[in-house]
Amino acid sequence: MAEAAFQQARKMEPGNQLMLQSYAEYYRARGENDKAMQLLAESNDSQLLWRHYFRIGRFDEAVKLLQKMHGDPANRVDALKGLILVAEQAADANNVKKYSDELLTLEDSQTNRMAQIQAYLNLGLVQEAQVTLQNFKEKHPYEPRILLMEALIAKRQGNLDRALDLVDQSLR
């Protein structure tokens, strides 16, 4: 039934990203990765295809697509976000720094800065996260996520009492 519903949805809206992603996920869940890849390749949607490669752990293929997208100014920001995810998953600190810095030159937002700090913490780059958070805090002192990031840094430094105090402050 599910496959029939996906086939009907595909006939109605063949380019719908959500439908294609769900259909590919259906195939992946059934262990039919070849069908999922064929579906996404036929869609000619690089975004969907790199995400699929990422989900199934084929990071090299994801990076190839993302680097190709990176060459197109219209897709550069999305490609950088993807490259950061892949680099973070691969524990590649140099590329996380490189791509997140480039992303901030193109789209300097609070969300992207917080994502950079989180990526640093995920890779254990506590000193870099601390310096970046301090700079962010100077520019945006009332950002509510700062206390949580400070708590994560304190936790990574082994200062659990301070981390708990910061979480309590954030909740208040």
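This is a predicted model: local features need pLDDT of at least 70, side-chain atom pairs count only at pLDDT 80 or more; totals for chains, interfaces and linings use all residues.
Residues are numbered from 1 along each chain as its sequence is written. Local features need pLDDT of at least 70, side-chain atom pairs count only at pLDDT 80 or more, and totals for chains, interfaces and linings use all residues, while side-chain values use heavy atoms, without hydrogens and water.

Helices are DSSP runs (H or I, at least four residues), numbered from the N terminus. Helix 2 (residues 17–29) packs on helix 3 (residues 33–43) at an angle of about 160°. Their axes lie 7 Å apart. Axes are lines fitted to C-alpha atoms, for helices over the stretch in contact, and angles run from 0 to 180 degrees between N-to-C directions. Helix 2 is therefore roughly antiparallel to helix 3 (an angle over 145 degrees). The crossing is left-handed, meaning that the near helix is turned anticlockwise from the far one by less than a right angle. Helix 2 contributes Leu20, Tyr23, Ala24, Tyr27 and Arg28. These meet Asn33, Lys35, Ala36, Leu39, Leu40 and Ser43 of helix 3. Contact means heavy atoms within 4.5 Å. By class, the contact residues are seven nonpolar, two polar and two charged. Ala, Val, Leu, Ile, Met, Phe, Trp, Tyr, Cys and Pro count as nonpolar, Asp, Glu, Lys and Arg as charged, and the others, Gly among them, as polar.

Helix 8 (residues 110–122) and helix 10 (residues 145–156) cross at roughly 10°. Their axes come within 11 Å. The two helices are therefore roughly parallel (an angle under 35 degrees). On helix 8, the contact involves Gln110, Thr111, Met114, Ile117, Gln118, Leu121 and Asn122. On helix 10, Arg145, Ile146, Met149, Leu152, Ile153 and Arg156 take part. Seven of the contact residues are nonpolar, four polar and two charged.

Helix 6 (residues 76–89) has 14 residues. From first C-alpha to last, helix 6 reaches 20 Å, close to the 20 Å expected at 1.5 Å a residue. The expected span is 1.5 Å times one less than the number of residues. Ala79, Leu80, Gly82, Leu83, Ile84, Val86 and Ala87 of helix 6 are buried (under 20% relative accessible area, 1.4 Å probe, protein chains only). Their cover includes helix 4 (46–55), helix 5 (59–70) and helix 7 (93–106). Just after helix 6, alanine 91 takes a positive phi of about 55°.

Threonine 132 sits in helix 9 (residues 126–139). Its relative accessibility is 15%, so threonine 132 counts as buried. Not counting residues up to four places away in sequence, threonine 132 touches Gln116, Ile117 and Tyr120. Alanine 154 lies 22 residues from threonine 132 along the chain, with 14 Å between their C-alpha atoms.

Key:
Angles under 35 degrees count as roughly parallel, over 145 as roughly antiparallel, 65 to 115 as roughly perpendicular and the rest as oblique. Buried means under 20% relative accessible area, exposed over 50%, partly exposed in between (1.4 Å probe, protein chains only).
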